[in-house]
Amino acid sequence: MSALLDRVVLPVASDDDARATARALDGHEFGSIRAVHVVEKAGGAPDKAGVEQREEAAEEAFGVLEAYFGDGVDLDTEIRYDTDVADAIFAAADDYGATAIVITPRGGSRWVQLLTGDVALSLVTETDRPVVVLPDVGDGDGATDVASQGNGTTDVESHDDENAGGSDGE
């Protein structure tokens with residue numbers, strides 16, 4: 001296994017994002033993973049959604065990863081609260097001693113990418129460690145836009161695979 005993917009921080013924004021990221025990681029050798037979901041706080045303004053609702057969304061995303069990788073991967077999860085998503089991911093990477101941050105690109109229109117791209121841009125340009133961008137490999141039926149799947153469930157096929165990680169006694 002490459003030392004680059006020994007201790008990975010995996011930011012996940014939703015269950016669809018977690019599903020796309022799990023598919024992208026499948027087949028790559030990696031060590032342990034800390035999946036991080038950031039609940040973005042409004043910094044004094046009213047939050048867009050309730051904290052409980054956002055925590056439930058985080059748990060759904062983590063559930064997708066746990067179901068996909070099963071017991072074959074050393075997976076840790078964490079919810080962070082911050083006004084800056086990229087800063088929260090960097091802090092999680094520091095706390096975890098991550099060797100890399102792994103992300104997959106988000107689908108959507110150019111307008112959506114323009115509006116949400118600031119986090120991805122910050123992750124790539126303001127980091128002190130490698131950021132690995134894995135392509136979204138689709139869901140096996142030729143689709144590459146995760147948002148178009150539409151079922152919103154965490155029903156995924158397990159991919160316990162000795163090649164997909166799990167560190168041996170850190």
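**Close-up 1. Residues that meet between helices α1 and α2 in this predicted model.** From α1, Asp-15, Ala-18, Arg-19, Ala-22, Arg-23 and Leu-25 are in contact (heavy atoms within 4.5 Å) with Glu-60, Ala-61, Val-64, Leu-65, Tyr-68 and Phe-69 of α2. The residues of this contact comprise 8 nonpolar, no polar and 4 charged, where Ala, Val, Leu, Ile, Met, Phe, Trp, Tyr, Cys and Pro count as nonpolar, Asp, Glu, Lys and Arg as charged, and the others, Gly among them, as polar.

**Close-up 2. Packing geometry of α1 and α2.** Helix α1 (residues 15–25) packs on helix α2 (residues 51–69) at an angle of about 25 degrees, and their axes, which are lines fitted to C-alpha atoms over the stretch in contact, lie 8 Å apart. The two helices are therefore roughly parallel, a term for angles under 35 degrees.

**Close-up 3. The largest nonpolar core and the surroundings of Leu-25.** A nonpolar core is a set of buried (under 20% relative accessible area, 1.4 Å probe, protein chains only) Ala, Val, Leu, Ile, Met, Phe, Trp, Tyr and Cys residues joined through side-chain atoms within 4.5 Å. Among the 23 residues of the largest one, Leu-5, Leu-25, Phe-30, Ile-33, Leu-65, Phe-69 and Val-102 touch the most other members, and α2 gives the most to this core, with 7 residues. Beyond its neighbours within four places in sequence, Leu-25 contacts Leu-10, Phe-30, Ile-33, Phe-69, Val-102 and Leu-134.

Residues are numbered from 1 along each chain as its sequence is written, and side-chain values use heavy atoms, without hydrogens and water. Local features need pLDDT of at least 70 and side-chain atom pairs count only at pLDDT 80 or more, whereas totals for chains, interfaces and linings use all residues.

Terms used: Axes are lines fitted to C-alpha atoms, for helices over the stretch in contact, and angles run from 0 to 180 degrees between N-to-C directions. Helices (H or I, at least four residues) and strands (E, at least two) are DSSP runs, numbered from the N terminus. Angles under 35 degrees count as roughly parallel, over 145 as roughly antiparallel, 65 to 115 as roughly perpendicular and the rest as oblique. Buried means under 20% relative accessible area, exposed over 50%, partly exposed in between (1.4 Å probe, protein chains only).
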